[in-house]
Amino acid sequence: MSEARSLPSFDNTAVAFAHKSNWQLRKAKWLFRSFGFTWLLKHGNTLSKWALLLGFKGLIRNTIFEQFCGGESAESSEKAIENLHQLGVGTILDYSVEGEETEDVFETTAREIAVSIRKAGSDPRIPFAVFKATGIMPFDLLVAQSSGQALTKEQQAIWDRAETRFMGLCALAEECQVRLFIDAEESWIQPAIDALAETAMLKHNHSRCLIYNTIQLYRHDRLAYLKEQIQKGQHLLGFKLVRGAYMEKERERAQKYGYPSPIQVNKESTDRDYDLAVMHCLEHRNRVSICIGTHNEKSSLLAAQYLVDHAVDASDSVYFSQLLGMSDHISFNLSSKGFRVAKYVPYGPIASVMPYLLRRAQENSSAKGQAGRELVLIETEIVRRKKSA
Ligand SMILES: Cc1cc2nc3c(=O)[nH]c(=O)nc-3n(C[C@H](O)[C@H](O)[C@H](O)COP(=O)(O)OP(=O)(O)OC[C@H]3O[C@@H](n4cnc5c(N)ncnc54)[C@H](O)[C@@H]3O)c2cc1C
């Protein structure tokens, strides 16, 4: 990786879409356009169930699934992993199945996450593994542990098994020398997740930073939490920095129960704290490793500018990350300039990842927002290719 890195241009669509054939580009254009049909999104859940029942699995597989998912299993995600690798981008396999809350399902999910950790340990194209606490632990017990509520004997036994699953995955990450992200979730279960993540970091981040907690900067209290962690911890710390995915839910719950919303007053405050958090971590990079998990061009450019200005070499301690099928113009333009980038590659059986896919569709439904930007870039590249043909 070059020491004299220069800043990328996120307008370079040739680099952004080098991995897509003309046909794939046209399909992506059609897909992002279809997200503009609000009735489609409103009934997406029902429509997708019917589509699967009526045998339209192939249609889903070749469109929305192909855009946002790697495959139905870790093994069948090989093509996506190799495509990213060819363009200098790593893969973070994300088992995105959202199942029932039973101990059997938690065990199956934990086994699948263990497969992804082992795979990352033996495949240099996969720099990280990831998991969500709610995939392997009951939500209500995370709520109880977060609020200091006493557990019954039976609940305690369930919690102990859940904690063993959580810590088992962190221990496996150390055994395989794999860096492991713990995703951030709703604020009313986050204290329990933080406590587990802090313990795991202390236990496993010795000579290398292996365990990363996630900080959501759409919360007004998280920059202070991040700074406190960095100030008091003498060991290696890992943080994935994101803005946060549960804004509406957070606001609605706060209103329902009459407590102050944990969310920032406006987007500008979220953006300000996000960039401050990135800078604070970069200034402590001797001890702090980060993953800048964002589709925001300004934040990505600001971080890249810092790395260029301070001649920080492309060490493992600073990564950029986006989701598969989104913001390729950020991922591939950053990697083309020598920055470290890895994309979340969700996988799982089509029927089980539908909730994930519908969320991606909803997130991309605003013409002003990300979808508009994706569409403009795709259309620009289609025109550019026609002109240069
Ligand atoms: C690699 C990766 C990993 C991720 N992991 C997690 C995770 O573990 N947990 C999690 O919760 N999310 C996670 N996310 C999702 C992330 O939190 C954001 O929802 C998403 O990336 C959009 O934010 P942005 O920075 O990309 O872009 P932007 O489009 O710049 O920001 C949109 C975000 O800004 C915030 N926002 C919007 N309007 C307002 C407002 N009026 N007031 C205050 N804030 C506002 C919201 O967080 C919204 O999602 C992840 C995203 C990526 C790319």
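Which element gives the largest share of the shell around the ligand? In this predicted model, the answer is strand S7, with three residues. The ligand is surrounded by 24 residues. Asp183, Arg243, Ala245, Gly293 and His295 are the closest. Two or more residues of the shell come from each of strand S4 (211-216), helix H13 (267-283) and strand S7 (318-323). By type, the shell holds 12 polar, nine nonpolar and three charged residues.

Gly293 also belongs to strand S6, residues 288-293. This strand is mostly covered, with six of its six residues buried. Val288, Ile290 and Ile292 are buried on one side. Ser289, Cys291 and Gly293 are buried on the other.

Strand S6 pairs with two strands. With strand S5 (residues 237-242), the pairing is parallel and spans five bridges. Here lysine 240 has cysteine 291 of S6 as its bridge partner. Strands S6 and S7 also run parallel, joined by four bridges. Glycine 293 stands opposite serine 321 of S7.

A helix pair was examined next. The axes of helix H2 (residues 22-34) and helix H5 (residues 57-68) come within 10 Å and cross at roughly 90°. H2 is therefore roughly perpendicular to H5. On the H2 side, Lys27, Ala28 and Leu31 make the contact.

How values were computed:
Residues numbered from 1 in each chain as written. Predicted model: local features only at pLDDT ≥ 70, side-chain atom pairs only at ≥ 80, totals over all residues. Axes fitted to C-alpha atoms, helices over the stretch in contact; angles between N-to-C directions. Parallel < 35°, antiparallel > 145°, perpendicular 65-115°, else oblique. Contact = placed C-beta atoms within 7 Å. Near = placed C-beta within 6 Å. Nonpolar A, V, L, I, M, F, W, Y, C, P; charged D, E, K, R; others polar. Buried ≥ 20, exposed ≤ 12 C-beta atoms within 10 Å, placed from the backbone. Pairing = 2+ DSSP bridges.
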